[in-house]
Amino acid sequence: MLAACGDAADEAAPAGEVAADGQPALPAVPVMGPERKIIAFGDSLFAGYGLDPRDSYPDKLENALRAKGVNADVVNAGVSGDTTAAGLNRLEFTLAAQDTPPALFILELGGNDLLRGISPEETKANLAKMLTVLQNQKVPVLLMGMRAPPNYGPDYQAEFDAIYRDLAKEYGAALIPFWLEDIYREPALFQADKIHPTAAGIERLVGATLAQVEGALPPPGGV
């Protein structure tokens with residue numbers, strides 16, 4: 001993984017280099033400015049379940065940000081099987097383990113609560129506690145929303161789906177209402193378990209969410 005330091009930029013592609021399709025390769029976008037640490041904190045959807053680690057969402061997101069010139073260091077803090085309660089238990093340890101405060105914290109939890117039938121009230125309470133910790137530490141947050149399927153019933157569905165919208169408004173967090181939106185209607189982009197995206201699915205998700213992630217990053221040097 002390339003790591004640019006300070007204001008140094010990566011070199012552009014050599015003149016005359018061609019891409020795989022035989023067309024002239026575009027010059028590399030210089031990676032500029034101070035390093036922007038992003039913690040991608042979630043469950044198996046971030047951990048890269050069933051994939052090569054290089055195909056996980058955090059890894060692909062880092063590559064995509066750097067391709068746009070953002071000096072990003074995306075820390076994969078995804079743990080397969082984590083519920084919001086498990087995430088709450090490890091949140092402060094994860095933050096304390098960083099050498100420098102993150103420029104952005106991407107919070108992606110709730111899917112396992114849904115699968116286990118945990119009440120939306122409990123899920124919301126756990127996420128609220130995490131957002132309180134992050135707010136107190138002045139860490140900007142991008143909340144990755146989930147959506148309950150119709151078979152859970154309209155009451156559960158409505159209550160669960162409102163969690164992320166309501167919390168984002170209450171805590172001033174950036175929000176992607178349903179971060180699997182771009183692929184959930186395409187079974188071919190999911191693994192055999194129909195839950196975890198394939199590598200191609202992850203590529204699609206990165207492309208669909210990149211602008212929102214970049215927009216959630218505060219300007220260098222200040223929140």
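This dialogue explains how to read several features of the predicted model shown above.

Visitor: What conventions apply to the model and its numbering?

Guide: Residues are numbered from 1 along each chain as its sequence is written, and side-chain values use heavy atoms, with hydrogens and water left out. The model is predicted: local features need pLDDT of at least 70, side-chain atom pairs count only at pLDDT 80 or more, and totals for chains, interfaces and linings use all residues.

Visitor: In what order do the strands of the open sheet lie?

Guide: Helices (H or I, at least four residues) and strands (E, at least two) are DSSP runs, numbered from the N terminus. Two strands pair if DSSP finds at least two bridges between them. Here, five strands make up an open sheet with parallel pairing, in the order β2-β1-β3-β4-β5. Strands β2 (70–78) and β5 (174–176) are at the edges and have a single partner strand each, so one side of each lacks a neighbour in the sheet. From one strand to the next, the twist averages 20°; axes are lines fitted to C-alpha atoms, for helices over the stretch in contact, and angles run from 0 to 180 degrees between N-to-C directions.

Visitor: How many bridges join β1 to β3?

Guide: Strand β1 (residues 32–42) and strand β3 (residues 104–108) run parallel and are joined by five bridges. Gly42 stands opposite Glu108 in β3.

Visitor: Which strands does helix α2 touch?

Guide: Contact means heavy atoms within 4.5 Å. Helix α2 (residues 57–67) packs on the sheet and touches β1, β2, β3 and β4 (141–144), with its direction at about 175° to that of β2. Helix α5 (residues 120–136) also packs on the sheet, touching β1, β3 and β4. The direction of α5 makes about 175° with that of β3.

Visitor: Is Pro220 buried or exposed?

Guide: Buried means under 20% relative accessible area, exposed over 50%, and partly exposed in between (1.4 Å probe, protein chains only). Pro220 has a relative accessible area of 52%, so Pro220 is exposed. This residue lies in the segment after α7 (199–216). Not counting residues up to four places away in sequence, Pro220 touches Pro34 and Arg36. Pro220 and Arg36 are 184 residues apart in sequence, and their C-alpha atoms are 7.7 Å apart in space.

Visitor: Where are Lys138 and Lys194 found?

Guide: Lys138 is in the loop between α5 and β4, and Lys194 is in the loop between β5 and α7. Phi of Lys138 is near 60°, a positive value in a residue other than glycine; phi of Lys194 is positive too, near 65°. Lys138 is exposed at 66% relative accessible area, and Lys194 is exposed at 71%.
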